[in-house]
Structure formats: C-alpha cells, structure tokens
Amino acid sequence: MKIKSPKDFWSGLMFTASGLFFAIYAVAHYQMGTAVRMGPAYFPTMLGGLLAVLGVVILAQSLAFVGDEGKLHLPFNIIDIAIAVAIYVAAGYMAKFAGISPDWVILGATAVICVLTVIYRPAARGLILISAGCVAYGYLMKPGGLVGATAALVYIGALGGHEFKWKEVTILYVILMLFSWLVFVKGLSLPFPIWPAYFG
Amino acid sequence: MEIFANLWMGFGVAISLQNIFYCFVGVLLGTLIGVLPGIGPVATIAMLLPITFNLNPLSALIMLAGIYYGAQYGGSTTAILVNIPGESSSVVTCLDGYQMARQGRAGPALAVAALGSFFAGCVATLIIAVAAPPLAEVALKFGPSEYFSLMVFGLIAATVLAHGSLIKAIAMVVMGLLLGIIGTDVNSGVLRFTFDIPELSDGIGFVIVAMGMFGTAEIIANLEQGEAREIFTKKVTNLWPSKQDFKDCWASVLRGTALGSMLGILPGGGALLASFGAYTVEKKVSSHPERFGKGAIQGVAGPESANNAGAQTSFIPMLTLGIPGNAVMALMIGALMIQGIAPGPQVMNEKPQLFWGLIASMWIGNLMLVVLNLPLIGMWVKLLTVPYRYLFPSILVFMAIGVYSLSNNPFDVLIMAVFGVLGYICAKLECEPAPMILGFILGPLMEENLRRAMLLSRGDPTVFFTKPISAAFMIASLILLVIVALPAIRKKRDEAFAAEDA
C-alpha cells in the first residue's frame, strides 16, 4: 500500500490514536454509567470512538486518493517526536528519584532539545527555539525575576528568527524589559519579582 | 419605542469617561494589529483577557469588542498598500485594493474601505439592537435538549464554513470537545485525564489554548515563510474619492452590509466569510466583471463593508444564546466568565447596562475608527516598515506575560508552548485550528446539556428529534452536511477558498 496523501495520512493517524487513547483511558479509569445517568466515562468514550472512526476514514482516504493539498514539509519526523517525548519522560523520572526540582528538570530537558535541534534539525529551529523561549520564560520567572525571564525569552526567541544581531536584540530586550516593568508591574501591579532571587 | 429608550441608556453608560477611554484603547489596538500582518484579533484578545480581570465587565467587553472590529479597519490598509492581508478577512481586498494603489488611487481605496466599514458598522449596530432582544426571548425557553442541538448545529456550521477538508474539520471539533473535558467532572467530582498533574484539575485554560494555537503557532509559521514584504511606499495623496467613485460604490456598500450582517449571525460565520461572500456577489452583479482584479472600486467597497458588518453581527448569537459563533466570540464568553457572568439569554435582562452599553460603544468605536484610519493613515503606513524581527520577540513577551499572569504558574506557559507546537503541526497537516477552539469551549457545556436532556427524557435519545426546536436544529445540521458533501457545491466551496490562497 502506498500513501497517496501524506497530510491526510498523518492527520488520520493522529486523530485515530488520540481518539483511541481518550476512549480506552476513559473506559479503563472512570465509570461508564447509563444513558439516563451518565458516568464520567460516557461522553469521552463516545467522542473518542467518534474521533477514532473519523481518523480511520481519513486514513483510508489518504491511501485511496491523492490529496490536492500538495506535499507535506515537516522539519522533523516521527522519530524526532518520540525522542523529544522520551527526553521529557526520562527527565521526569530523574526529578522523581534524584530529588531535583521539576522546574529545573523541565528547563534542562528543554535546553537539551534546543541543542539537539540546532545541530541535527536546523530547519526546525524556529519552531523549537520559539517554544523553548516561552518555556524558559515561565520557569525562570521565579528564580530569575522579570529581568532574567525576559532575557531568556527575547534572546532564545530571536535566535529562532532569520537574523540575529547582538546589538539589536539587546536594545530590543532593554525596551521590552522597561515596558513590561512599567505597564505590568507598575501599571497593573502584577506580582512579578523584578530581579533574580539571589540578588534581591 | 423601547429600543430607543434602551439605546439611549446604552449611550449614557458608554459615554462615561472610562468607557470612552477603553473603547479608544480597543479600537487603537485593533487597528494596530489589523495593520500588522502576523498577529490577529484572536491572539490579541487572548493576550489581554487576563488584564481585563481588573476592569469592570462593561469596560472589558467594550475594549475587546473594539479590537475585533478595529482589526477589520486596519486590515484593509495593509491589503491596499502592501498587497498582504493584515487580517485574514481582508484577503479579498488585496485583489482590487492593491491594483487601485498601483494606479495611484490608494487614497480613494482607503477612504471607500473606511467609509464603507463605517456605514456597515452603524447598520450592524442597529441590527443587533433590533434582533437581539426577541432572539433572547426565544432562547430563554430553551431546555437542555434545545441547547444541545443548537450546539451541534453551531459546530457543524463552523466546520462547513472552515476551509479545507470537511471531515478533518469535524475531527478537529471532536478533538477540541475531548480536550475541553480535561479537568474535574462537575457531576461526579472525578478528575478526568489529569494524569496526576495538579494544574490540570481545573482544566486547561481556554486562553492558553487560543494563544498557543493562534499566537505562537502563527509566529513560527511566519518565521518559516521568511520576510518578503514589499511596501508600497509612495505617499498617499488625494484621499477623497471622486463623485464617480461614490456613484460606483454606494450600491456595493449596501449589498456588502446586508450580506455581511446575515453571514455574521450564522454560527461559524463572521468577518472572513462575509468578505468572501460579498466579493463573489459584487462580481456576479457587476455589468463589468472583467474589471475585477484590475482595480474595481466595488471590489473594495463590498467586502470591506461586509467584513465589518459580519464582525459586529457575530456578537448576536454570543449575546443572546451564550454560544460563540467563532473563535473571537469564544474569547468574549471567556471574558464574561472571568467577570463571573454566566453567558446566555438572561444577560440582557439581568445586566441591561452591559448589553446596551456594549452596543452603543460599537457605534462610538466606529466613529473613532474613521478618524483613526483616514486622517492618521500616514502613521499606520510608517508602522508597516517595522521589520518582523523586532515585532515577533515583542509579541512573544506579551503573550508569555499574559499567560504567566493568569495564575503565576510556569506550567501554563509550558502548555501554551505545547499547543503552539500542536498548532504548527495542525497547520502543516491542513487541519484548521478554529473548529477545534470552538469545540474546546463548548465541550463541557455540551456534555452538561446532553446529560440533563437524557436525564429528563429517561435515557431516550429520540428527544432531540421529537421536540420541535431541537428537531429543527438537528435537521438543519443534517441538511448542511448533505449539502456540503454533494460534489457540485463542494467544488464551488473549494473555488471560493482557492481565491484566498492565490
């Protein structure tokens, strides 16, 4: 069998897998109930089943017809996704057994994925660095304060763009930093720490 | 006349200094993000939602609404001058607007777009005032089975109007419904699909999903496309259209307004669909269809009026039924819920000042927009020269702050990043994110109403087809599905959307 429409094939696979996951997980963990008194599993099982059926139809279509939507260009493959998930799961276990704070473990795992991406999948740089910048912002807010978190997001995010000039990015960083401080901390009095925890 | 008394009261509330200020902030921001390609009203409103927590409900709604219809004004500027839709709903304006600009008629094109939008905005405001109260009256009689069927109809309509494959759009809706279920089950208190992560027990925040799917995913996609923008730098002169221009386009403005108002009310409708519909109609009725695509002023006037009318009338289902017709309205419902107001037909009776104040503010906002977009056009043109490499880190910072401030929890930002990656993959696989977002917000509501309906009917599923209103929605949904599945209409629909990709 040959895949005639890769976009349909992978989306069909994604829908089938998620549908089955939701349905099976619901049946295994929650009570079904009856149609009159629906238990917590009833609605998700129905929807999961429906999603799986839709997914199978899309899969079947992808094998039968050529989609008119052109080629699929993804800068990574399914093995890359598996590796990324494995890194996070491994990091999660490390946090559990080595007693490291989960925040640092997530940051570390994200950093590892960034490095791997830049070396082996340069085409996915935008995707990974932009996402990683956001993650870094969130997890650095408490230890690094607004100053540290904004720096991480602006520099990592800018690295995901096409051009990266230290001077430009630094000016942008200072402006955004001042703006965030004025509008969000002073103006809207959001309770953000400004400076890194070790200095303040 | 009750309507006039109500509208008068609405103006009384909307004209307070504070509300005028937030209305201005809203339309200013709306124009700004409308002009800038790469950031849309969904991401902007999502970003600002957490901040509205500190405002009173009316000011919050006035500001957020201003962003949505303001973006329709701003989007046309970019379409006409740069040939890039600043907003997805101004895609068709590029066709004739840019050609007019190349012929040195950028001024009249901009003026017609703004004045047409203003006219459409005024009419749509009146339509909301007239149509919403009776609709809410009917909706008050809805029971759980009617609500369930209405939501089925809304979701089906949304998938039919989404472009691309119908079956994928339905699958995305179901995916959204499932993701919406994550969290505590209200009936049994059971934690569903939380995987022992305490942060998930309240469910995934809607704002976080919207910002990931529409915000970060959009930035990533823009970065991949590269920076290829040629700006029409010539000075905009001769703003005022000639007498002939007015003669040519007044009928288009009327038709665009009428069509846009109707399409806006439909679930799944709104600005985007309205502008496409209007362009097709203009081309059909014109005695010189060959002029379209070469700078026909009707091709600017019709769609621009329609998208503004559609943007405004799409508030009707949200205000009267509490059901969002598109992703922006879903965010509006989110804004109401943040304020502790349960959306639905009762809002109009319980909070008349909120309802009528919002409507009155739309008229005020439209007036401000004409001023913002015509005399101050030069400022927006300048803005277009800001390169994307400055813009996207700024947008990222605002999104990250917005999400983090929801509950000062880094986990929320992580989830946003995850949905950004998911949104990116979905875009690559040609799966539309908008239906998923609608499903996501309706998921818990649908389950709740299904449970109640089945409880009342003692487990008899035919109740959805024996109650007249409910049956009407179900039959309408079926008809919609059949129509779209028919090959002839399917082809037409593909053509309509093909124009967008061109």
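Modeller: Happy to! Between them, chain A and chain B bury about 5900 Å², and 79% of that lies on carbon and sulfur atoms. Please keep in mind that this is a predicted model. On the side of chain A, the three residues A:Phe22, A:Met38 and A:Phe43 supply 11% of the area that the chain buries against chain B, more than any other three residues. Counted by residues, 69 from chain A and 63 from chain B take part in the contact.

Now for the polar side of the story. There are four salt bridges between chain A and chain B. In one that you can look up, A:Lys7 pairs with B:Glu430, and their closest N and O atoms are 2.8 Å apart. Ten residue pairs are in polar contact between chain A and chain B, with both residues at pLDDT 80 or more.

Which parts of chain A do the touching? The elements that give two or more residues to the side facing chain B are α1 (6-29), α2 (42-64), α4 (102-120), α5 (125-159) and α6 (166-187) of chain A. Of these, α5(A) brings the largest share, 16 residues. By class, the side of chain A that touches chain B divides into 45 nonpolar, 15 polar and nine charged residues.

Technical notes
Residues numbered from 1 in each chain as written. Chains lettered and ligands numbered in written order. Predicted model: local features only at pLDDT ≥ 70, side-chain atom pairs only at ≥ 80, totals over all residues. Heavy atoms only, no water. Contact = heavy atoms within 4.5 Å. Buried area = accessible area lost by both parts, 1.4 Å probe. Salt bridge = Lys/Arg side-chain N within 4 Å of Asp/Glu carboxyl O. Polar contact = N/O pair within 3.5 Å; in protein donor to acceptor, adjacent residues only side chain to side chain. Helix = DSSP H or I, 4+ residues; strand = E, 2+ residues; numbered from the N terminus. Nonpolar A, V, L, I, M, F, W, Y, C, P; charged D, E, K, R; others polar.
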